[in-house]
Amino acid sequence: MDDWRNGGFGLYLHWPFCASKCPYCDFNSHVAASIDQRRWQAAYLAEIARVGALTKGRVLSTVFFGGGTPSLMEPDLVAAILDAVRRTWRIANDLEVTLEANPGSVEAGRFRGYAEAGVNRLSMGVQALNDADLARLGRRHTAAEARAAFDIARAQFDRVSFDLIYARQDQTPAAWAAELRAALAMTVDHFSLYQLTVEDGTAFAARAAAGGLRGLPEDDTAADMYLMTQDICGEAGLPAYEVSNHARPGAESRHNLIYWRYGDYAGIGPGAHGRLTLPEGRFAIETPKAPGDWLTRVEGEGTGESARAALTCADQAAEYLMMGLRLAEGIDTARHEALAGRALPRQAVQQLQDLGMIEAKADRLHATSAGRAVLNAVIRELLP
Amino acid sequence: MPAMTQLDLIRNFSIVAHIDHGKSTLADRLIQLTGTVAARDMKAQLLDSMDIERERGITIKANTVRIEYPARDGKTYILNLIDTPGHVDFAYEVSRSMRAVEGSLLVVDASQGVEAQTLANVYQAIDAGHEIVPVLNKIDLPAAEPDRVKEQIEDVIGIDASQAIPISAKSGLGIPDVLEAIVTRLPAPTGTRDAPLKAMLVDSWYDSYLGVVVMIRVMDGVIRKGDRIKMMQTGAVYGIDKLAVLKPQMVDIPELGPGEIGVFTASIKQVRDTRVGDTITHEKKGCAEALPGFKPAQPVVFCGLFPVDANDFENLRDAIEKLALNDASFSSEMETSAALGFGFRCGFLGLLHLEVIRDRLEREYDLDLITTAPSVVFKLHMRDGEVRDLHNPADMPDLTYVDHIEEPRIKATIMVPDEYLGDVLKLCQDRRGIQMDLTYAGSRAMVVYDLPLAEVVFDFYDRLKSVTKGYASFDYQMMGYREDFLVKMSILVNDEPVDALSTMVHRDRAEARGRAMVEKLKELIPRHMFKIPIQAAIGARVIARETLSAMRKDVTAKCYGGDVTRKKKLLEKQKAGKKKMRQFGKVEIPQQAFISALKMDE
């Protein structure tokens with residue numbers, strides 16, 4: 001019943017709007033001509049009150065503003081939300097409040113306001129450090145703007161992370177190594193490094209289907225680039241603590257760790273998902289994806305939830321396995337066994353160990369660097 | 001309805017046509033124009049009742065329909081149309097259906113001309129002594145060339161086409177002329193009403209309400225409801241429960257006389273108890289001699305059928321038993337494979353028959369099956385003089401005990417437009433064929449080859465069709481057994497033998513086939529987390545080898561709180577797919593690989 005305590009409790013807020021849609025992005029983001037931020041504020045506050053009542057007495061460890069582009073939110077709106085959060089839950093002394101930001105000059109002007117509102121960690125979508133590739137990725141900023149925005153952010157926030165996308169079109173392993181080293185030279189303590197994947201429903205997918213989007217690296221090259229990334233970041237003191245995330249020890253995203261450690265999280269905003277342990281059991285909770293649907297639902301029905309599905313113990317075990325093995329620290333085998341009602345299949349574990357894909361130590365089991373590169377296959381072996 | 005029909009008011013016929021030349025559409029029109037089926041009950045291709053028949057555009061079981069036609073001479077005629085299977089696998093069934101009627105309509109597409117299977121079937125009709133009425137279909141198409149096609153019919157088939165009837169089955173043009181020609185140009189059946197009963201068993205099938213239904217053509221005598229009849233091949237005696245004609249639904253009739261075609265039921269439990277081509281007579285005062293030409297069904301192609309999910313074995317057993325009730329030509333016995341578990345070794349009339357049975361088992365009984373390499377029956381001459389039948393390459397004994405091996409050979413007749421002749425000769429040569437004859441009829445060549453049946457069961461039809469763009473016809477007959485240098489080729493995946501992929505091959509061709517097989521398997525087996533050697537071997541000697549490199553990358557780059565549900569569903573779906581694969585040591589092989597590996601692209 002209290003399994004979530006092993007992972008902690010956090011709040012995710014989804015801001016669904018972007019100035020423009022990036023061609024690789026399959027996140028729930030929308031471009032709108034005008035946004036009534038007061039109306040959105042009222043809806044967010046109503047949802048905070050409702051979810052607060054469901055999770056009364058809990059200590060909240062993290063808040064995460066994701067999107068979309070949350071750096072399009074007015075600092076006042078962010079402040080009002082965080083004030084409400086503080087009134088609603090007991091707050092951990094070291095509350096982590098992350099906001100995702102575009103590294104453009106307009107956004108940078110709002111950084112001070114976010115910091116004053118209580119944001120203490122910024123996650124910047126830098127994506128690439130050269131202008132040609134930024135243009136191909138559909139980004140609106142230049143590399144120079146990104147570096148300038150990063151410097152402003154460093155001055156305002158205790159912690160700044162940024163995202164880069166690699167295995168891009170026509171990108172050689174050597175070019176990526178040079179770019180990664182340049183990024184590491186910026187005083188950064190957390191990176192999200194994603195291999196470009198063509199997701200269904202994106203502009204890139206349409207381009208790829210039409211025979212465009214040439215020059216993406218072959219699988220073996222992409223695998224080499226992945227392993228090289230692990231080595232370079234490890235040498236620089238930012239080992240991978242998750243498949244795509246690297247940090248100096250202690251600088252990990254605590255909010256994201258809640259997902260991967262399979263804790264509880266409330267999701268507020270369009271398309272936000274939650275996992276909440278309630279008196280009746282643990283639930284997967286969803287909200288409507290379209291911004292207008294969510295807004296009218298909150299205003300009309302007093303709840304943003306559109307679906308609440310009970311998670312069986314087997315569901316929870318599978319989700320914990322799938323998320324936990326993404327982490328370098330891996331899973332707690334006793335915790336998994338308690339959820340699953342049985343141990344992991346012994347033969348599969350032995351084979352994966354023999355292949356060097358996983359390691360089991362004391363009461364934990366984790367995927368190796370090679371194992372994380374083929375993690376889907378590893379998980380398929382371990383699922384019941 | 002009159003109790004008896006005068007012989008000269010009966011016409012029995014079949015329709016011979018190439019696929020797509022409009023056989024089924026013409027049959028539909030004849031039925032429709034005579035009002036045999038009410039307009040509201042019409043559905044396209046009335047006579048092809050199985051889903052598989054409609055989908056593949058082929059006829060597997062013989063079907064019949066009785067049409068009443070008021071002719072221009074003022075008399076009403078009974079027309080019996082037998083729709084015959086058109087495939088060489090069912091050549092014997094076709095020959096029996098042809099013997100049950102006196103004439104054929106030869107339907108030829110007026111733009112395409114005489115093609116492929118038309119020939120095999122038209123020769124069957126000529127063999128059966130039929131009067132043949134040529135019909136030119138699709139005459140309304142701009143590309144129609146009726147004069148050229150008539151000339152071709154005369155050149156290639158050697159029958160008079162001057163009176164060919166131009167029609168469009170699609171629009172209905174010319175259909176009344178076809179009906180009139182059936183009456184005026186086809187002969188009436190002959191037979192003696194007072195003679196002892198002599199009827200031919202044309203076909204039989206299982207009906208879930210009625211039990212076994214037997215289709216017959218009465219040659220002499222009269223059969224009535226309540227009669228005690230005897231099957232002359234099996235000696236079994238039955239009482240007729242129901243006697244009917246097909247319109248195409250069953251309509252009861254008190255008796256069937258000479259020249260008539262109809263069906264009966266007689267509390268027969270299994271289709272197996274009825275033999276196509278058998279002669280039916282009365283138990284008492286029966287006829288002295290059976291009709292000539294009876295042949296028992298002889299499976300020539302064998303393969304193993306295994307359930308993907310071992311728990312489905314009992315379901316597969318039930319399904320095979322039920323299907324066997326309705327198909328006397330298909331045989332089965334239990335088999336155990338080290339790799340595939342429990343299943344059945346099944347015998348079929350040919351490859352199409354195999355595919356049809358497998359499709360029916362999968363669809364009608366909702367089973368997922370693994371099909372092993374089709375094989376023929378080899379004769380093993382052992383050193384101690386014993387001769388053994390080898391149905392399954394996996395059962396091949398140690399060679400030290402075997403003196404020599406014989407394989408079945410066929411005489412294959414292929415008719416092909418001369419521009420494709422070179423490709424056909426090469427194909428036959430590649431399949432260890434020995435040319436026996438080569439002649440020309442017009443611009444068509446007829447080649448006769450002596451071929452090993454084993455080489456034909458792989459994918460000979462597919463290859464022939466593809467090298468001739470479908471313009472070749474193919475027919476064969478068994479020629480008996482001959483010795484050759486045959487060996488068992490095993491396939492090893494990750495050093496584990498996969499018995500289901502073992503094949504018997506000619507020694508000279510083993511390297512080429514082995515190489516093709518391992519290359520294909522390399523494509524078909526998904527990458528694993530480790531590298532996998534794939535080898536072909538004769539005994540302990542490896543003759544071909546490929547290595548499937550290890551999977552290097554399969555991971556979702558981004559996975560946060562919002563992705564959990566979707567990601568879990570995806571992985572669970574993949575996991576379910578994985579469970580459908582077969583485990584060989586540490587390697588999982590998808591079932592499609594078993595089938596695809598054996599279809600060679602050359």
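**Close-up views of a predicted two-chain model**

**Figure 1. A salt bridge between B:Arg509 and B:Glu455.** B:Arg509 pairs with B:Glu455 in a salt bridge whose closest N and O atoms are 3.9 Å apart. B:Arg509 sits in the loop between β29 (503-506) and α11 (510-524) of chain B, and B:Glu455 belongs to helix α10 (residues 453-467) of chain B, so the pair ties together parts that are 54 residues apart in sequence. B:Glu455 is buried, at 3% relative accessible area, whereas B:Arg509 is partly exposed, at 25%. Both residues belong to one network of salt bridges with shared partners, which also includes B:Glu407, B:Arg409, B:Arg432, B:Asp450, B:Arg482, B:Asp484 and B:Arg513. As in every view here, the model is predicted.

**Figure 2. The salt bridge of B:Arg432 and B:Asp484.** The side chains of B:Arg432 and B:Asp484 form a salt bridge, with 3.3 Å from N to O. The two partners come from distant parts of the chain, 52 residues apart: B:Arg432 lies in the loop between α9 (421-430) and β24 (434-441) of chain B, and B:Asp484 in strand β26 (residues 473-484) of chain B. B:Arg432 has a relative accessible area of 14% and therefore counts as buried. B:Asp484, at 26%, is partly exposed.

**Figure 3. The salt bridge of B:Glu145 and B:Arg148.** Here the side chains of B:Glu145 and B:Arg148 meet, with 3.0 Å from N to O. B:Glu145 is partly exposed, with 36% relative accessibility, and B:Arg148 is partly exposed, with 35%. Side chains of opposite charge can pair when their charged atoms come close. Over all chains, the structure holds 58 salt bridges.

**Figure 4. The interface of chain A and chain B.** Chain A brings 44 residues to the contact and chain B brings 28 residues. Together the chains bury about 3,400 Å², and 58% of this area is on carbon and sulfur atoms. On the side of chain A, the residues that lose the most area to chain B are A:Met322, A:Asn376 and A:Arg380, which together account for 19% of what that side buries. Five salt bridges cross the interface. One of them joins the side chains of A:Asp224 and B:Arg552, at 2.7 Å from N to O. There are also 21 residue pairs in polar contact between the two chains. Elements of chain A that each supply at least two residues to this side include β6 (190-195), α9 (219-235), α12 (313-324) and α16 (375-382). By type, the residues on the side of chain A are 24 nonpolar, eight polar and 12 charged.

**Figure 5. A:Phe162 in the largest nonpolar core.** The largest nonpolar core has 149 residues, and A:Phe162 is one of those that touch the most other members, as are A:Val63, A:Phe65, A:Phe111, A:Met124, A:Phe191 and A:Val378. With residues up to four places away in sequence left out, A:Phe162 touches A:Met124, A:Val126, A:Phe150, A:Ala183, A:Met186, A:Val188, A:His190, A:Phe191 and A:Ser192. A second, separate core of 53 residues includes B:Phe344, B:Leu351, B:Tyr420 and B:Val424.

**Figure 6. The surroundings of A:Glu305.** A:Glu305 lies in the loop between α11 (291-301) and β12 (307-310) of chain A. Its relative accessible area is 11%, under the 20% limit, so A:Glu305 counts as buried. The side chains of A:Glu305 and A:Arg50 are joined by a polar contact of 3.2 Å. Beyond its neighbours within four places in sequence, A:Glu305 is in contact with residues including A:Glu47, A:Leu54, A:Ile285 and A:Arg297.

**Figure 7. Two cis peptide bonds.** In chain A, the peptide bond between A:Gly67 and A:Gly68 is cis, with omega about 20 degrees. A:Gly68 is placed in the loop between β2 (59-67) and α2 (75-88) of chain A. In chain B, a cis peptide bond joins B:Lys247 and B:Pro248, with omega about -10 degrees. B:Pro248 is in the loop between β12 (242-246) and β13 (250-252) of chain B.

**Figure 8. Two residues with positive phi.** A:Ala362 is not a glycine, yet its phi is positive, about 50 degrees. The residue occupies the loop between β14 (358-361) and β15 (364-367) of chain A, and A:Ala362 is exposed, at 87% relative accessibility. B:Ser267, also not a glycine, has a positive phi of about 55 degrees. B:Ser267 lies in the loop between β15 (261-265) and β16 (279-282) of chain B and is exposed, at 53%.

Methods. Residues are numbered from 1 along each chain as its sequence is written. Chains are lettered from A and ligands numbered from 1 in the order in which they are written. This is a predicted model: local features need pLDDT of at least 70, side-chain atom pairs count only at pLDDT 80 or more; totals for chains, interfaces and linings use all residues. Side-chain values use heavy atoms; hydrogens and water are left out. Contact means heavy atoms within 4.5 Å. Buried area is the accessible area (1.4 Å probe) that two parts lose on being put together, summed over both. A salt bridge is a side-chain nitrogen of Lys or Arg within 4 Å of a carboxyl oxygen of Asp or Glu. A polar contact is a pair of N or O atoms within 3.5 Å; within protein, one must be able to donate a hydrogen and the other to accept it, and residues adjacent in sequence count only if both atoms are side-chain atoms. Helices (H or I, at least four residues) and strands (E, at least two) are DSSP runs, numbered from the N terminus. Ala, Val, Leu, Ile, Met, Phe, Trp, Tyr, Cys and Pro count as nonpolar, Asp, Glu, Lys and Arg as charged, and the others, Gly among them, as polar. A nonpolar core is a set of buried Ala, Val, Leu, Ile, Met, Phe, Trp, Tyr and Cys residues joined through side-chain atoms within 4.5 Å. Buried means under 20% relative accessible area, exposed over 50%, partly exposed in between (1.4 Å probe, protein chains only).
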